[in-house]
Amino acid sequence: MDTILTLKNLTKKFGALTAVSDLSFTINKGNVYGILGPNGSGKSTTLGIVLNVVNRTSGEFYWFDGKTTTHDALKKVGAIIERPNFYPYMSAEQNLKLVCRIKEVDFSKIDEKLELVGLLDRKQSKFQTYSLGMKQRLAIASALLNDPEILILDEPTNGLDPQGIHQIRTLIKKIASQGTTILLASHLLDEVEKVCSHVVVLRKGVKLYSGRVDEMINSHGFFELKCNDQQKLITFLESEERFGKILVENDLVTAFLNEPLDATTFNQMMFEKGLVLSHLVKRKESLEEQFLQLTDKI
């Protein structure tokens, strides 16, 4: 698998504040990576370092095979790390022509990228007439003009209304399906779960998890239970190796599974033990629950 970007023990300090601490991970071609964490977790700083706009304190990073200079590598990168900044009185097409000149890209790419982001019919409209979501999509078109190998997005749906959020997420998946690797920073669990194949979870600059999204949420789920004899139920669950953590809140017992077990089999087992369940629901852990468990560790 081709490597796009490698970070090794990357650290960035601003005085006494450590924004990124000993961060290592690898991005491979053809996936959608999310850097997930609350505000202040080091996401934007990490992107700034690899895009050469923030100087690292220690550690290293390299693009592609490690033999390409950062300057040359960034010619193969498309990035949006700030709010779209175009000339308001110029049309979308005119703005993109300026970008083409800077990137030394043929004008023929403009219509192709505007069609991809759904703005071809508005290419003659002035930028100032665009909605926030349209401005963001135009920025993505601009970042794609040089057919980059990786597209980097910092909080791509920030400030957008629900329709704009849906359009950007759909667009990200469409771009990824055409073979472009994507790295996005987000504080939204829902966003990462819906569009990313891989995730790096950060908190206070420290990596808590790095890997596939589906493996992060690949638990066996949990049962929510109510019973005629709650204490007997809890005692039984705690004695069974197939159950892990047991939570009790008022009359609701939550039992996390260590191995697969379907609700029908479990209900029959309870009945045979003389335990009558008045409430039995099996649920799957969400990325949010996994994220909260991870961030509780620090």
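Q: Let's take buried to mean under 20% relative accessible area. On that scale, is T45 buried or exposed?
A: T45 has a relative accessibility of 16%, so it counts as buried. Keep in mind that this is a predicted model.

Q: Thanks! Where does T45 sit?
A: You'll find T45 in helix α1, which covers residues 43-50.

Q: And which residues is T45 in contact with, leaving aside its neighbours within four places in sequence?
A: The contacts of T45 are then K12, F14, A19, V20 and V54.

Q: Switching to helix packing: at what angle do α5 and α6 pack?
A: Helix α5 (residues 132-143) packs on helix α6 (residues 162-177) at about 15°, and their axes are 10 Å apart. That angle makes α5 roughly parallel to α6, since angles under 35 degrees count that way.

Q: What about the handedness of that crossing?
A: The crossing of α5 and α6 is right-handed.

Q: Which residues make the contact?
A: From α5 there are G133, Q136, R137 and I140, and α6 brings Q167, I168, L171 and I175. By type, the residues of this contact divide into four nonpolar, three polar and one charged.

Q: Nice. Which strands does α6 lie across?
A: Helix α6 lies across β3 (32-36), β6 and β7 (181-186), and runs at about 155° to β7.

Q: So what is the strand order in the open sheet?
A: The order is β5-β6-β7-β3-β8-β9, six strands with mixed pairing. From one strand to the next, the twist averages 10°.

Q: Which strands stand at the edges?
A: Those are β5 (77-80) and β9 (206-212). Each has a single partner strand, so one side of each is left without a neighbour in the sheet.

Q: In what sense does β5 pair with β6?
A: Strand β5 pairs with β6 (residues 150-154) in the parallel sense, over four bridges.

Q: What phi does N9 have, then?
A: N9 is not a glycine, yet its phi is positive, about 50°. It belongs to strand β1 (residues 3-14), and with a relative accessible area of 42% N9 is partly exposed.

Q: And what's the phi of D147?
A: D147 also isn't a glycine, and has a positive phi of about 50°. This residue lies in the loop between α5 and β6. Its relative accessible area is 39%, so D147 counts as partly exposed.

Q: Which residue takes a positive phi in the hairpin of β11 and β12?
A: That is N250, with a phi near 55°, in a hairpin that has two residues between the strands.

Q: How many bridges join β11 to β12?
A: Five bridges join β11 (residues 243-249) to β12, and the two strands run antiparallel. E249 stands opposite L252 in β12.

Q: What about β10 and β12, parallel or antiparallel?
A: Strand β10 (residues 222-227) and β12 pair in the antiparallel sense, over four bridges. Here L225 stands opposite V253 in β12.

Q: Last one: how many residues of β12 are buried?
A: Five of the six residues in β12 (residues 252-257) are buried, making the strand mostly covered.

Note on methods:
Residues numbered from 1 in each chain as written. Predicted model: local features only at pLDDT ≥ 70, side-chain atom pairs only at ≥ 80, totals over all residues. Heavy atoms only, no water. Axes fitted to C-alpha atoms, helices over the stretch in contact; angles between N-to-C directions. Parallel < 35°, antiparallel > 145°, perpendicular 65-115°, else oblique. Left-handed = near helix turned anticlockwise from the far one by under 90°. Contact = heavy atoms within 4.5 Å. Nonpolar A, V, L, I, M, F, W, Y, C, P; charged D, E, K, R; others polar. Pairing = 2+ DSSP bridges. Buried < 20%, exposed > 50% of the residue type's maximum accessible area, 1.4 Å probe, protein only.
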